[in-house]
Every structure is written in structure tokens, then in C-alpha cells.
Amino acid sequence: MPRRIFDRVYGEVQLTDLASALIDCPEVHRLDSIRQLGGCSFVYPSATHSRLEHSIGVAHLAATMGRHLHSLCPEITETELVCLEVAGLLHDVGHGPFSHLFEEYVREEIDPTWSHELMGDRIIRRLLSDRMTPPVIDLVLLFVSGLPPERSV
């Protein structure tokens with residue numbers, strides 16, 4: 001069921017069924033406890049928005065942009081619009097606490113090849129293949145294979 005959320009920047013936003021289901025997954029919901037600006041809130045106490053709030057806003061903007069593009073280019077499919085919204089929602093899912101500071105620590109102390117993008121890719125693949133059974137859309141296949149040849153740029 002679509003979910004309406006009050007966003008402090010965009011007001012009331014509506015997310016699709018799939019985006020709503022993904023928000024309820026622990027891997028995404030944990031973003032609510034990760035600050036978007038890392039340690040900046042220690043200097044600017046009102047800079048407290050979370051990665052989840054940010055991701056919901058990005059999902060909303062991506063969906064809005066997609067609908068606008070669809071109005072100009074009707075061959076854009078509903079599946080592609082959902083993928084755009086989900087990509088906006090999940091773009092930060094690989095971040096750890098204190099955001100980029102955490103990433104630097106992990107690279108220096110544990111694994112020099114680690115990045116939040118690679119971690120996000122692992123999380124998204126697991127989320128979309130394991131949790132969404134049966135999958136609403138085979139997003140893993142779409143994200144891995146890219147657009148069909150007739151849609152490629």
C-alpha cells in the first residue's frame with residue numbers, strides 16, 4: 001500500500017508500495033539512526049536530519065522527476081519509474097555511522113577497498129532478492145542488466 005510521509009522539506013510525499021515495503025526492512029530503517037551530516041551536529045546542533053529522511057526526499061524527487069520525464073516521453077514504463085524511485089530511496093543504504101568518517105576508518109584499519117557504494121550494492125542485492133519474495137519487480141535483473149537495448153543511450 002502506498003505510504004504518505006510528512007517530509008520537513010517537501011511536505012507530504014507519497015511512496016509506492018515497493019518503496020514503502022523497503023522502508024520497513026531493517027537494512028533501510030537503520031538509516032534513521034545514521035546522521036546525514038556525520039559529526040556536523042556536534043558543531044551545528046540543529047543539523048540532525050537522518051540518512052533515512054534524506055533518502056525519502058531523494059526518492060520523492062526521483063519519482064517527481066520520473067513523472068515529469070514520462071509526461072514528455074510516454075514510452076518510459078511504470079517499471080522504470082518505480083526503479084527510479086527505489087534507486088533514490090536506496091542510494092545511501094551502504095553508509096555506516098558517521099557516514100564518510102566511518103568509511104575512512106574502515107579503509108585505513110580493516111579493508112582498503114571498502115566503500116559505502118560497494119556495501120550498498122551488497123545490501124540492495126540481498127534486499128531485492130531475498131526479502132521481496134515473490135518480487136514485485138525483478139529489480140536485481142533490471143539493475144544488473146541495465147536498460148533494454150532499445151532504451152539505451
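First, a caution. The model is predicted. Please keep that in mind throughout.

Let's start with the fold. The protein has seven helices and two strands. Read from the N terminus, the order is β-β-α-α-α-α-α-α-α. So much for the layout.

Next, packing. There are 153 residues in the protein, and 38% of them are buried. As for the surface, the protein exposes about 9,400 Å². Carbon and sulfur atoms supply 62% of that area.

Now to a pocket. A word on the idea behind it. Rolling a probe the size of a water molecule over the atoms shows where empty space is left. I'll take the second largest pocket. Its volume is about 270 Å³. Its lining counts 14 residues. Which residues lie nearest the centre of the second largest pocket? They are Asp7, Arg8, Val9, Glu53 and His54.

Where does the lining come from? Strand 1, residues 3–7, supplies at least two residues, and so does helix 3, residues 51–72. Helix 3 gives the most, with six residues. By class, the lining of this second largest pocket has seven nonpolar residues, four polar and three charged.

Glu53 sits in helix 3. Glu53 is partly exposed, because its relative accessible area is 28%, and the buried class needs under 20% while the exposed class needs over 50%. Look at what Glu53 touches. Beyond its neighbours within four places in sequence, Glu53 is in contact with Asp7, Arg8 and Thr48. The C-alpha atoms of Glu53 and Val9 are separated by 9.6 Å, and along the chain the two residues are 44 apart.

On to aromatics. A pair of aromatic rings is described by the distance of the centres and the angle of the planes.

Trp114 counts as buried, because its relative accessibility is 14%, under the 20% limit. Phe102 is partly exposed, with a relative accessible area of 28%.

Helix 6 brings us to Gly120, which is found there. Gly120 counts as buried, at 6% relative accessibility. What does Gly120 touch, not counting residues up to four places away in sequence? The answer is Val93 and Gly94. Gly120 and Val93 are 27 residues apart in sequence. In space, C-alpha to C-alpha, they are 5.2 Å apart.

Last stop, Phe98. Phe98 is in the loop between helix 4, residues 78–90, and helix 5. Phe98 counts as partly exposed, because its relative accessibility is 44%, which is between the 20% and 50% limits. Leaving aside neighbours within four places in sequence, Phe98 is in contact with Gly38, Gly39 and Phe42. Take Gln36 too. Phe98 and Gln36 are 62 residues apart in sequence, and their C-alpha atoms are 8.0 Å apart.

That's the tour. Questions are welcome.

How values were computed. Residues numbered from 1 in each chain as written. Predicted model: local features only at pLDDT ≥ 70, side-chain atom pairs only at ≥ 80, totals over all residues. Heavy atoms only, no water. Helix = DSSP H or I, 4+ residues; strand = E, 2+ residues; numbered from the N terminus. Buried < 20%, exposed > 50% of the residue type's maximum accessible area, 1.4 Å probe, protein only. Areas by Shrake-Rupley, 256 points an atom, 1.4 Å probe, with all protein chains shown as cover. 1 Å grid on protein atoms, 1.4 Å probe; cavity = no way out; pocket = protein on both sides within 12 Å on 5 of 7 lines; lining within 4 Å. Points joined across faces, edges and corners; volume = space filled by probe spheres on them. Nonpolar A, V, L, I, M, F, W, Y, C, P; charged D, E, K, R; others polar. Contact = heavy atoms within 4.5 Å.
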